[in-house]
Amino acid sequence: YQVLAERGYEAATIKEIARAAGVAPGLVHYYFADKDALLVEVLDKAAEHNLAETARLTATLRSRALLLAALDARKRRVIEQPGWYRMRFELFALGLRNPAIQPGVAHLLANGRAGVDAVVRTVAGAAVDDAQAVAAVFLAALDGLALQKLIDPSFDLDAGYAVLARLAAVLLPLGD
């Protein structure tokens, strides 16, 4: 993950990845047929990590507190882990043209929607009958805000997230 995030998919080598993992390159080749297979595994692990993070939040928080914590976690990730988002956006582009990677990217997006959907359903319950569509729109907004911050460091991420929280308050019946 670190090597892919720092160097980019095209520039990262199996040798560098093996060095970062503290293993011989042959071991990486033993478990992964090629860099595409390794990337798909990285995507799966990232998707699992994101779902687990959301599950921790939904298990402990409810309503407005959950919504605000979920938004704050995403905003912090943009600031604290920009490499994760750089890799994410590079993977989106790769998934559009590389059939070996496309299913992994689709899985990453599906898990992202599932995580946001879990928050939407926990916050609003049955009051939102189109939770999956709402989750897809919120995920697109979250990714869009991150992309803007990465491309333009002067972009006011806090203001963007404040607007997103206000939109959520309109779309989702929030309790306190």
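Predicted model: local features only at pLDDT ≥ 70, side-chain atom pairs only at ≥ 80, totals over all residues.

Residues are numbered from 1 along each chain as its sequence is written, and side-chain values use heavy atoms, with hydrogens and water left out.

Select first residues 157-171, which make up helix H9 (helices are DSSP runs of H or I, at least four residues, numbered from the N terminus). Its end C-alpha atoms are 21 Å apart, which agrees with the 21 Å that its 15 residues should span at 1.5 Å a residue, the expected span being 1.5 Å times one less than the number of residues.

Next, colour Leu157, Gly160, Tyr161, Leu164, Ala165 and Ala168, which are buried in H9 (buried means under 20% relative accessible area, exposed over 50%, and partly exposed in between, with a 1.4 Å probe and protein chains only). The buried residues of H9 pack against helix H5 (63-80) and helix H8 (131-151). On the face of H9 turned away from this buried side, look for the exposed residues Arg166 and Val170.

Now move to Glu53 in helix H4 (residues 35-60), which is buried, with a relative accessible area of 18%. Leaving aside residues up to four places away in sequence, Glu53 touches Ala73 and Arg77 (contact means heavy atoms within 4.5 Å).

Finally, select Val23, in the loop between helix H2 (14-21) and helix H3 (25-31); Val23 is partly exposed, with a relative accessible area of 30%.

Note on methods: Helix = DSSP H or I, 4+ residues; strand = E, 2+ residues; numbered from the N terminus.
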